[in-house]
Amino acid sequence: MSGQPQRRPLRVAVGADEAGLALKDALADLLRGDARVAAVRDFGVHEPDDRTAYPNIGLLAAQAVADGQADRALLVCGTGIGMAITANKVAGVRATVAHDAYSVERSVLSNNCQVLALGARVVGTELAKRLVREWLDLEFDDSSASARKVEVISRYESGRRA
Ligand SMILES: O=C[C@H](O)[C@H](O)COP(=O)(O)O
């Protein structure tokens with residue numbers, strides 16, 4: 001038996017624009033079938049002819065994280081860049097684009113990112129699935145040296161510079 005404490009299953013928000021819809025749906029299916037996931041909340045888009053701009057979706061999903069309604073968000077657009085920029089505008093949210101396993105790992109372990117943005121025009125479906133499976137296992141250590149660095153960002157964001 002492992003000495004690791006059992007982790008609470010994650011509530012994951014997902015969202016995409018029309019460029020990311022197919023990949024978002026594939027990843028949402030993966031998440032729904034994963035025991036490490038308690039719930040998936042899909043902020044759309046749901047139809048390929050829905051032209052809702054990526055920031056409108058990204059803001060809703062990131063806000064769900066900031067409000068504590070979701071633990072993580074997985075956002076997909078053409079490159080992932082717009083979704084990451086958008087999510088980072090929401091106070092308390094740390095988002096990144098990452099298409100390689102090391103960056104995905106460090107985004108959680110170094111930076112405590114709750115949001116992963118993927119580019120459907122950049123990454124293949126199978127690689128994206130693998131990255132997301134690995135992402136679910138990652139957990140930030142609040143007592144790590146990295147936590148003190150992330151705290152500098154949080155302090156700045158809340159207006160406390162010292
Ligand atoms: O970052 C933005 C996304 O890649 C989006 O899917 C495409 O945006 P665009 O239509 O402005 O190029």
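Reader: How many residues of E3 are buried?
Author: Six of the six residues in E3 are buried, and the strand is mostly covered; a residue counts as buried if 20 or more other C-beta atoms lie within 10 Å of its own, as exposed if 12 or fewer do, and as partly exposed in between, with C-beta atoms placed from the backbone. Strands are DSSP runs of E with at least two residues, helices are runs of H or I with at least four, and both are numbered from the N terminus.

Reader: What should I know about the model and the numbering?
Author: The model is predicted, so local features need pLDDT of at least 70 and side-chain atom pairs count only at pLDDT 80 or more, while totals for chains, interfaces and linings use all residues. Residues are numbered from 1 along each chain as its sequence is written.

Reader: Back to E3, which residues point which way?
Author: Arg 72, Leu 74 and Val 76 point one way, Ala 73, Leu 75 and Cys 77 point the other way, and all of them are buried. In a regular strand the side chains alternate between the two faces of the sheet.

Reader: And in what order do the strands of the sheet stand?
Author: The order is E2-E1-E3-E5-E4 in an open sheet of five strands with parallel pairing, where two strands pair if DSSP finds at least two bridges between them. Strands E2 (37-42) and E4 (95-97) stand at the edges with a single partner each, so one side of each has no neighbour in the sheet. Neighbouring strands are turned by 20 degrees against each other on average, direction ignored.

Reader: How many bridges join E1 to E3?
Author: Five bridges join E1 (residues 10-16) to E3 (residues 72-77), with Val 12 opposite Arg 72 and Ala 16 partnered by Val 76. E3 also pairs with E5 (residues 115-119) in the parallel sense over five bridges, and there Cys 77 stands opposite Gly 119.

Reader: Which residues surround the ligand?
Author: Cys 77 again, together with Asp 17, Ala 19, Tyr 54, Gly 78, Thr 79, Ile 81 and Gly 82; a residue is near a molecule or strand if its C-beta atom, placed from the backbone, lies within 6 Å of it.

Reader: Changing topic, at what angle do H1 and H5 pack?
Author: H1 (residues 21-32) and H5 (residues 125-137) pack at about 40 degrees, with axes 10 Å apart; axes are lines fitted to C-alpha atoms, for helices over the stretch in contact, and angles run from 0 to 180 degrees between N-to-C directions. The two helices are therefore oblique to each other, since angles under 35 degrees count as roughly parallel, over 145 as roughly antiparallel, 65 to 115 as roughly perpendicular and the rest as oblique.

Reader: Where is the cis peptide bond?
Author: The cis bond joins Gly 44 and Val 45, with omega about 0 degrees, and Val 45 has its place in the loop between E2 and helix H2 (54-66).
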